[in-house]
Amino acid sequence: MSLMLMPVFTEPKLCFAETVETVSSGSSTDAETLSDTELSDFEDYDSLDECTDFDEDDYSKEGPSMALASEKTCTEDYRSVDFSVLQPEEILEAQTISQKHTAEILGISSGEAGVLLKHFKWNVERLVDEFMVNPQQILCKAGLAVDDENTASPVASSSSSSSSSSSSSSIASSSSAQSISSTSTALREQCVEGFVCSICFDDEASERAFGLSCGHLYCKDCYEYYLTEKIVDSGKTSGIRCPGPQCPLTIDDDSLKSIVPRAVWDKYQRLCMSAFVNDQRHLSWCPAPNCENAISCLQERNATFVDPIPTVTCQCSQEFCFRCGELEGHEPAPCTLVKKWNTKRVKDSDTSIWLASNTKECAECKSTIEKDGGCNHMTCKQCEYEFCWVCMGPWDEHGSNWYSCNRYDEEESKEARNEHAKSRATLERYIHYLNRFNNHEQSAKLEVGLYKKIDKKMEHMQLMSKLTWIEVQFLKDAVNTLLEGRKTLVWTYAFAFYLVRNNTSEIFEDNQSDLEVAVEALSGLLEQPITSEWSEIACLRQSVQDKARYVESRRQVVLEDTAMGLMEGRWKFREDVGQDPSEISEPEAEEATSSESSAEASSSTEAPVDAPADAPADAPVDAAVDAPADVPVDAPVDAPADAPVDAPADAPAEEPEAVVAEAVVVETTVETAVEVPVEAPLETEAEEEEQEALTVAAMFEETVVEPVY
Amino acid sequence: MAAANLPKRIIKETERLMADPAPGISAQSHDDNLRYFDVIITGPDQSPFEGGIFKLELFLPEEYPMAPPKVRFLTKIYHPNIDKLGRICLDILKDKWSPALQIRTVLLSIQALLSCPNPDDPLANDVAQHWKENENHAIETAREWTGKYASSD
């Protein structure tokens, strides 16, 4: 969802900035082209108009009912999740509505409905069902009425102990007569002559006595003290009963409000609200500190893999998974997998890295062994197997060579080492993914600091150029996009860890690496210092915007494709992560290394596969084989993915460097990439990215003159 | 002196306990701590505790009467709802407490508990087990203990 929010917020601003630029700078860019882009941008997000409306509503805080009515609906195929943000007033409102609604159905007062609903933990369905079967029993259980047999007992016991026995017993007799009708929860004030409260024994106070229809009467001070204790100290929200011994009657909210001080009442309401949200599965508190909003989302809590991942965004901009509560969301990895990964991470991380670098396993019993000194003749404490620490082969073949090992190449030693290597490979594979996961997580944390730097840069840019405040916002938007990209990358590594290696997982890794390359490029661009040259600023702006849009589009591709794969059951997992336990396959030693290379292979021999949302896995690589001139260019950023554009025939042939760069962006073939020098060192990559972005942008501007609407 | 800020309720209750003690029960507050009571309950007739004199201590916490008093047997007793430290398993001393209950009612309830042990809701598991498996033998043991630990002299 939040992913959807990004374009909603950023795109219109970007377009605006572009239009302004053509006017103010008077650059030679074709105005018509720009307006076309703008149009297509808006058309793209037409379907999201509701979202925009919703957010505006909420931010202006027009009123609870308004925002309640406007539900957020995003109509994206595989990842659509409906949710709405409820502010405290709206939660109260929802509570009242639920109460009134139930009161109407059951034909009781709203206050009674409140007591019943709290008793039933806000499960309206169950309440209505059970109430229809035996209303009297339900009323008694919730403390709204007294059983005929029970009516006498509490009063009798209280009369033995309280001095107000005469008055209470007389009232009790009248209450037993009306016990069927449930008007007993309202606290009534009565004047009783010679009244002595049986809690404080204070006979000097007034003759004002308070009590429910059970007839247990107490003074106001004691009632206040009693209720305050129940609310403040015990935190009770339901089942606050008459103070009388064993009295089953419940005190309703209105009576409570009339007795307790304002602060206690407020606390009570907060507690009720908390219970209201906690008791209902479709509500959840925003986990951000100091945020009082709740999220309403109809997603199944115990979802399968097929259900979309309900990433929700509170108005305080806190993002989290509605189902598992993971902060910042965890798309594209499903909740079960995230849980598994997190447990593994907490349990294994440092330990396993230490184990990998400092220990070996016994060739016989696989016990983990640390060598803490002494000679290389090892005897396993577990199984007493004797082996050589150097070659890992059995010791008895070493003969009299006690302190050295020249048997490194002997067959048994090799086997033992292979065994060892295999078990290590599993660990290394994990560490590979863990490192990348941690790396991106760390980068994302560091890049939060980028906001501050960017603010300075934006000021600087305004000073150095003629750009206005609005026009330099593109930098902030780009940082947003960058962080979103990082966040997605983080979880792609957790996801990839559990994937069985096959064609589909390769597509996933290619998509992942495309995103990674794009994210790193954007990150590099944003770190660049700003020069005072106006032309360079314009260039920078162009490339940052292009890159940011590219990152966003790659991110969408990864998320879409993964979500769709989950829905189709396309992914095969290596462990039981909640899906198809029959599909588990044994991890192999080579996988760790091969996946590593492919994850890092960006523009080299492997052709990056573009899997657009509408035509994925089936035909991923259908680019032309013979000439780079015919390479179908997937219009990378601005234009919708289904409007293919022909690349200019000569450009790649004349400028091989540009093709290298394009290999990252544009669909291409193995041959194309191989023909071209691909050993571009890492340091120059950022520059290339920039160039490529420019090339693509130029190409785009030339070719998009006839957009397909 | 503690009496200065002692709630009226406690003063009145103490007065009443003195003036009109319940049969078989006596409660005497300490002079230096008016919230602390020495209690003596005589074993009810027709119970294995008949003839016994049981000492208890009772303390009224700061929150009293919103919170229940704390009561403990000082005399050793063989009872399924009283453990060897003298702690008592009684609902009104816990979740069923009502501020309208008093010291007197609490002590009456404890006396009633001596008449009717409830091995189904035990505090002392071994005693409860004994009570359920061989009630006569358990009652015999209780009687022995009463003579041994709770006799007047």
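Mentor: Of the 153 residues of chain B, 34% count as buried. A residue is called buried if 20 or more other C-beta atoms lie within 10 Å of its own, exposed if there are 12 or fewer, and partly exposed in between, with C-beta atoms placed from the backbone. The model is a predicted one, in which local features need pLDDT of at least 70 and side-chain atom pairs count only at pLDDT 80 or more, while totals for chains, interfaces and linings use all residues. Residues are numbered from 1 along each chain as its sequence is written, and chains are lettered from A and ligands numbered from 1 in the order in which they are written.

Chain B contains four helices and four strands; these are DSSP runs numbered from the N terminus, helices being H or I of at least four residues and strands E of at least two. Along the sequence they follow the pattern α-β-β-β-β-α-α-α. Two residues are said to be in contact if their C-beta atoms, placed from the backbone, lie within 7 Å. Among the contacts of chain B between residues at least 6 apart in sequence, 55% join residues at least 24 apart.

Consider next helix H2 of chain B, which runs over residues 103-115. With 13 residues, H2(B) reaches 19 Å from its first C-alpha to its last, close to the 18 Å expected at 1.5 Å a residue. The expected span is 1.5 Å times one less than the number of residues. Its buried residues are Ile103(B), Val106(B), Leu107(B), Ile110(B), Gln111(B) and Leu114(B). These residues cover an arc of only 140 degrees around the axis, which puts them on the same side of H2(B); the arc is that of the directions from the helix axis to the C-beta atoms. What covers the buried residues of H2(B) includes H1 and the strands S1 (25-29), S2 (36-42), S3 (53-59) and S4 (70-73) of chain B.

Two loops of chain B deserve attention for their backbone. Most residues other than glycine have a negative phi, and most peptide bonds are trans. Gln46(B), in the loop between S2 and S3 of chain B, has a positive phi of about 55 degrees although it is not a glycine. With 8 C-beta neighbours inside 10 Å, Gln46(B) counts as exposed. In the loop between S3 and S4 of chain B lies Pro65(B). The peptide bond that leads from Tyr64(B) to Pro65(B) is cis, with omega near 10 degrees.

The partner comes next. The contact between the two chains takes 12 residues from chain B and 17 residues from chain A. Helix H1 (residues 8-19) of chain B gives the most to the side of chain B that touches chain A, with three residues. By class, that side has five nonpolar, three polar and four charged residues. Ala, Val, Leu, Ile, Met, Phe, Trp, Tyr, Cys and Pro are taken as nonpolar, Asp, Glu, Lys and Arg as charged, and the others, Gly among them, as polar.

Chain A has 709 residues, of which 40% count as buried, and it holds 24 helices and 14 strands. Among its contacts between residues at least 6 apart in sequence, 64% join residues at least 24 apart. One of its helices, H17(A), has 25 residues and reaches 37 Å from its first C-alpha to its last, close to the 36 Å expected at 1.5 Å a residue. Because 22 of those 25 residues are buried, H17(A) is largely enclosed by the rest of the structure.

Two packed helices are described by the angle between their axes and the distance between the axes. Helix H17 (residues 473-497) of chain A packs with helix H18 (residues 503-527) of chain A at an angle of about 145 degrees, with their axes 10 Å apart. Axes are lines fitted to C-alpha atoms, for helices over the stretch in contact, and angles run from 0 to 180 degrees between N-to-C directions. Among the residues of H17(A) that meet H18(A) are Leu482(A), Gly485(A) and Leu489(A), and the partners in H18(A) include Phe508(A), Leu515(A) and Val519(A). The residues of this contact divide into 10 nonpolar, five polar and three charged.
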